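Work through the exercises below with the sequence and the 3D structure at hand. Try each task before reading its solution.

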Amino acid sequence: MSTLNNKNELIACKHCDSLASVPILNSGESALCPCCGRTLYSRKVDSVNRTLAVSLAGLMLLVPAFTTPIIGVSVAGKYNDATLIDCIMLMINADFYIIAFCVFLFAIAIPSIRIFSAFYLSYKIKCKQLGPSLLTFYRSYHLFDSWTMVHVFFLGVIVSMYKLITLDELSVGSGLISLLLLLFCSTLISITLDQRLIWDLLEEELESQS
């Protein structure tokens with residue numbers, strides 16, 4: 001159950017394209033289309049606190065995910081392991097500059113910025129420190145949201161491990177575990193972050209200042 005928004009704003013159903021008045025929802029409630037009964041949008045439960053906790057965990061995983069060994073290989077009595085940073089440096093030394101740049105950008109830089117942005121947004125909203133600059137920051141967050149490629153890099157590591165499994169010994173490093181947990185946190189952020197709630201809060205704050 002919900003009450004209608006007094007501003008008489010409209011929202012289009014993604015399934016039947018009909019227009020409906022935007023309701024004011026409480027935590028955990030969903031707005032249904034009056035024509036087809038599909039969900040228009042939902043208000044996530046405790047979105048700010050959950051996003052803050054998950055993004056903080058993600059920030060703590062960034063350093064071990066990028067600086068500790070991902071996998072180790074033992075061949076003929078010799079053992080070698082490599083971190084994500086080592087992989088990038090090896091590609092640079094082999095003159096694969098474009099590939100090294102893409103790995104750094106999509107597997108390190110953008111995921112780090114995205115997780116930090118989620119933490120910054122949720123922290124500012126929790127502390128009720130809203131303003132025009134936060135709206136600009138949130139718009140920038142959307143640019144990075146679809147460009148994180150940690151899952152693609154993780155899949156590449158798994159394929160590499162499958163191909164190297166025939167060697168004498170293949171060990172999983174703490175970096176791979178941290179990378180997996182980082183990927184899990186990144187996925188949870190997409191689930192816990194209530195984007196419509198943030199837009200509504202920022203719009204209300206801007207209207208109150210005008």
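The model is predicted, so local features need pLDDT of at least 70 and side-chain atom pairs count only at pLDDT 80 or more, while totals for chains, interfaces and linings use all residues. Residues are numbered from 1 along each chain as its sequence is written, and side-chain values use heavy atoms, with hydrogens and water left out.

**Exercise 1. Helix length**

Find what span helix 1 should have at 1.5 Å a residue, and compare it with the distance between its end C-alpha atoms.

Solution. Step two is the rule: the expected span is 1.5 Å times one less than the number of residues. Step three is to apply the rule: helix 1 covers residues 47-67, and its 21 residues should span 30 Å. The end C-alpha atoms are 31 Å apart, which agrees.

**Exercise 2. Bend and burial in helix 1**

State where helix 1 bends and by how much, and name some of its buried residues.

Solution. The bend at a residue is the angle between axes fitted to the seven residues ending there and the seven starting there. For helix 1 this angle is about 35° at Leu61, and the proline Pro64 follows within four residues.

For the second part, buried means under 20% relative accessible area, exposed means over 50%, and partly exposed lies in between (1.4 Å probe, protein chains only). The buried residues of helix 1 include Val48, Leu52, Leu61 and Phe66. Leu52 can be checked by its value: its relative accessible area is 16%, so Leu52 is buried. Thr192 is itself one of the buried residues of helix 6.

**Exercise 3. Aromatic pairs**

How many aromatic pairs does a search of the whole structure find? Classify the pair Phe116 and Tyr120, then the pair Tyr138 and Trp199.

Solution. Rings of Phe, Tyr and Trp (its six-membered ring) pair if their centres lie within 6.5 Å; planes under 30 degrees apart count as stacked, over 60 as edge-to-face and the rest as tilted. The search finds three pairs.

In the pair Phe116 and Tyr120, the ring centres are 6.2 Å apart and the planes meet at 25°, so this pair is stacked. Both residues lie in helix 3 (residues 97-126), four residues apart, about one turn of the helix. An α-helix has 3.6 residues a turn, so residues three or four places apart point the same way. Phe116 is partly exposed at 42% relative accessible area, and Tyr120 is partly exposed at 28%.

Tyr138 and Trp199 have 4.8 Å from centre to centre and 65° between the planes, an edge-to-face pair. This pair links distant parts of the chain: Tyr138 is in helix 4 (residues 132-145) and Trp199 in helix 7 (residues 195-209), 61 residues apart. Tyr138 is buried, at 0% relative accessible area, whereas Trp199 is partly exposed at 26%.

**Exercise 4. A nonpolar patch**

Which residues form a nonpolar patch on the surface, and which helix gives the most to the patch?

Solution. Like charges are joined within 9 Å, and nonpolar side chains (Val, Leu, Ile, Met, Phe, Trp, Tyr) within 5 Å. Accessible areas come from the Shrake-Rupley method with a 1.4 Å probe; for residues, only the protein chains shown count as cover.

The patch consists of Ile85, Met89, Ile92 and Tyr97, with about 360 Å² of accessible area together. Helix 2 (residues 84-93) gives the most, with three residues. Met89 is found in helix 2 and is partly exposed, with a relative accessible area of 43%.

**Exercise 5. Positive phi**

Is Asp46 buried, partly exposed or exposed, and what is its phi?

Solution. Asp46 is not a glycine, although its phi is positive, about 50°. Asp46 sits in the loop between strand 6 (39-42) and helix 1 and counts as partly exposed at 39% relative accessibility.

Conventions: Helices (H or I, at least four residues) and strands (E, at least two) are DSSP runs, numbered from the N terminus. Patches are made of residues with over 30% relative accessible area and no salt bridge: like charges are joined within 9 Å, nonpolar side chains (Val, Leu, Ile, Met, Phe, Trp, Tyr) within 5 Å. A salt bridge is a side-chain nitrogen of Lys or Arg within 4 Å of a carboxyl oxygen of Asp or Glu.
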